[in-house]
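Open the model in your viewer and keep the sequence beside it. This tour tells you what to select at each stop.

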Amino acid sequence: MKACNALIVWTPTNVDGIPLELRGRVEVRTLQSCRDWIKPPFSRTGGASSVAVRKMTGLKSELRLFIEFQTLVVRDGIDPQKAHKAFLAIDEYRKLISPDCVGAE
């Protein structure tokens, strides 16, 4: 799926009030498949949840995608391999990562 259509949802590892077994989860789905899907255990949304992101194209869209990846991993404590596996659903991510990474195009 294209980045402009990728809804990213996750639950940080450091959120109070959420059971430990639900923390650190991340998924990427198409916006169209998720109209009523944004609910617990996911406490954060990114990507196509923003109208501004849905309108982005080219380099701006690609940069935004990697900024979101960094935010999930560094700020919110998502395991980098879990984030990588989820982000592989996004065309631009697969095309831009190092060609020797699992899932790269």
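The tour starts with the whole chain and then moves to aromatic rings.

**Before you click**

This is a predicted model, where local features need pLDDT of at least 70, side-chain atom pairs count only at pLDDT 80 or more, and totals for chains, interfaces and linings use all residues. Residues are numbered from 1 along each chain as its sequence is written, and side-chain values use heavy atoms, with hydrogens and water left out.

**Stop 1: the whole protein**

Show the cartoon. You will find 4 helices and 3 strands. These are DSSP runs, numbered from the N terminus: helices are H or I with at least four residues, strands are E with at least two. Along the sequence the pattern reads β-β-β-α-α-α-α. The radius of gyration is 13 Å, close to the 13 Å that the globule rule gives for 105 residues, so the protein is as compact as a globular protein of that length. That radius is taken over C-alpha atoms, and the rule is 2.2 Å times the number of residues to the power 0.38.

Now show the C-alpha trace. Along its principal axes it spans about 40 × 30 × 20 Å.

**Stop 2**

Of the 105 residues, 42% count as buried. Buried means under 20% relative accessible area, exposed over 50%, and partly exposed in between (1.4 Å probe, protein chains only).

**Stop 3**

The whole structure holds 4 aromatic pairs. Rings of Phe, Tyr and Trp (its six-membered ring) pair if their centres lie within 6.5 Å; planes under 30 degrees apart count as stacked, over 60 as edge-to-face and the rest as tilted.

Select phenylalanine 69 and phenylalanine 87. How far apart are the centres of their rings? They are 5.2 Å apart with planes at 90°, so the pair is edge-to-face. Phenylalanine 69 lies in helix 2 (residues 58–75) and phenylalanine 87 in helix 3 (residues 80–87), so the pair ties together parts that are 18 residues apart in sequence. Both phenylalanine 69 and phenylalanine 87 are buried.

**Stop 4: the next ring**

Phenylalanine 87 has 0% relative accessibility, so it counts as buried. Tyrosine 93, at 4%, also counts as buried.

**Stop 5: the cluster**

Select Phe66, Phe69, Phe87 and Tyr93 together. Ring pairs link these residues into a cluster.
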